[in-house]
Amino acid sequence: MTPSTRTLLKVCLRLYLIGVALALPSNKHEHERNYKPQDVIIRDVCIIGGGSTGTYSAIRLRDMGKSVAVVEIKDRLGGHTETYIDPVSHVPIDYGVEFFHNLSLVTDWFTRLGVSWTKAIIPPINTQNVDFRTGIIDASYVPASQAALGQALGVWTSLLLKYPTLNYGFILPDPVPDELLTPFRDTVKKYSLDALVYLIFEFRQESILDQPTLYVMKNFGLDLINNIINGFLTTADHDNSEIYQKALGILGTDALLSSKVENIDRPSSPSANYTISIAVSTPSGRKLIVAKKLLITIPPLPHILDFLDLTDAERDVFSQFNFVGYWTSIVRHDGIPDDIQINNIGADTPYNLPVLPGIISITQTGVPGLHGVKFGSPYAMSDDDVKNSIIDTFKRLKTGGADVNATAPDFVVFSSHTPFDLKVGADAIKAGFYEKMYALQGVRGTWWTGAAWNVHDSSLLWAFTEGVLPSLLA
Ligand SMILES: Cc1cc2nc3c(=O)[nH]c(=O)nc-3n(C[C@H](O)[C@H](O)[C@H](O)COP(=O)(O)OP(=O)(O)OC[C@H]3O[C@@H](n4cnc5c(N)ncnc54)[C@H](O)[C@@H]3O)c2cc1C
């Protein structure tokens, strides 16, 4: 073979190999080719939302031997759990999630994270009842007696006992019984539950009378009542954000904070391979998460899920939700005494429920001069409108005489929890809304958890999530 023939053969061989390489099917997912190798994150499960259920799922899945990535839009994990640490006294104030159920599932979770817990002791509260529309103390308002409360609680409990599956989710009899669909105001009348209404409102923090009774039963259920009677748990340091800081320490870079999902590509029939692509913008640039399964924990509203190509069934279900507005804040205000809680009551309304939008209550924080303010609205409002309404209410406390020292409060922290409490109407529930919603689990490699799927209660949501994970792993 002459040298020139050898050169020609080498060139031909190289061209042949290049041709073969180009013709070979690539192992890489189509989208991966647009990313540098170091920007492609391959995981068993990608979790969207690093709040209560997202964080719980991430660590539980890791403990079951699965690799995970959590995409959280904020710069911290924890969602509705928020803690303000007073810089002077260093006292932590939980102004979001405060209490947990005394369940082994909860204490196991805290043990896993290395978080100490204690019984939540609610200090005796010196309460003023003020109609915040006028700022006048309602001296004629008499809270329900313990005897009346006990009686109503007994009747309510026997109603709850008829539907034990509600403890685990929206698991409803078929057909859905009318007594679950009827507006709560009618259930109150039918069973003489008058004494219980304001107490339920204090836990629900939203207008309850027109809601289908089902939602009140879900949110004021057997386990919650058990904990009201026997005591809730809270973190020993009274800093519930510690749960999420410890979780972040475990997850490390598997938690992508301050990160926004741009687009998710889910094949219509995902295989056991890594076939779901999640394009994410992060503080260190664009990343592609390639996962086998997707777990979505954020409120399932179409405008929030705009990064997802929703199936017709998903869109049909999620577009039926309505929601309320809910805001929390801590204000500095030296006029209001530190040892009182001011509840908003309606002087002339059924069961003295307050008229919303409005402040729900002004609470003690344990730090002199600082007060917790919770605000509810039946509809979405801008943060500025909420703040202005809070300021106007403080002015009314002064002119109405409930607190003559009330001046404008300074907002130390202010947080929107809107959209809150996703619900649908009685007709939708009757037409099998929750059956259709639960049938979405697993479609296109996507599983779901979070408050809309069960209840706004971390302990019960962690229990619900425990029920979702096995089918995700199957
Ligand atoms: C003020 C307040 C007080 C409460 N108090 C209690 C209490 O004492 N005890 C109790 O058990 N429950 C309480 N709750 C109920 C609470 O909602 C649940 O406990 C629980 O936090 C709900 O968990 P979740 O995972 O559904 O939502 P969250 O904990 O809110 O988590 C959702 C997460 O998703 C993130 N996210 C949203 N959109 C995106 C996106 N596009 N991409 C990525 N991430 C996104 C959010 O930032 C958030 O971190 C309270 C709620 C509020 C608002």
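This model contains 25 aromatic pairs, counting rings of Phe, Tyr and Trp (its six-membered ring) whose centres lie within 6.5 Å. The model is predicted, so to speak of local features a pLDDT of at least 70 is needed, side-chain atom pairs count only at pLDDT 80 or more, and totals for chains, interfaces and linings use all residues. Residues are numbered from 1 along each chain as its sequence is written, and side-chain values use heavy atoms, leaving out hydrogens and water.

A pair of aromatic rings is described by the distance of the centres and the angle of the planes. Planes under 30 degrees apart count as stacked, over 60 as edge-to-face and the rest as tilted. Here are two edge-to-face pairs to look up:

| Pair | Centre to centre | Between the planes |
|---|---|---|
| F100 and F110 | 5.3 Å | 90° |
| F433 and Y434 | 4.9 Å | 85° |

Where do F100 and F110 sit in the chain? F100 is in the loop between β4 (92-94) and α3 (104-113), while F110 is in helix α3, 10 residues apart. Helices (H or I, at least four residues) and strands (E, at least two) are DSSP runs, numbered from the N terminus.

F433 is buried at 2%, and Y434 is buried at 1%.

Ring pairs also join Y56, F100, W109, F110, W117 and W462 into a cluster.

Finally, K218 lies over the face of F170, 5.0 Å from the ring centre; this requires NZ of Lys or CZ of Arg within 6 Å of the ring centre and within 35 degrees of the ring normal. K387 lies over the face of F411, at 5.6 Å.

Methods. Buried means under 20% relative accessible area, exposed over 50%, partly exposed in between (1.4 Å probe, protein chains only).
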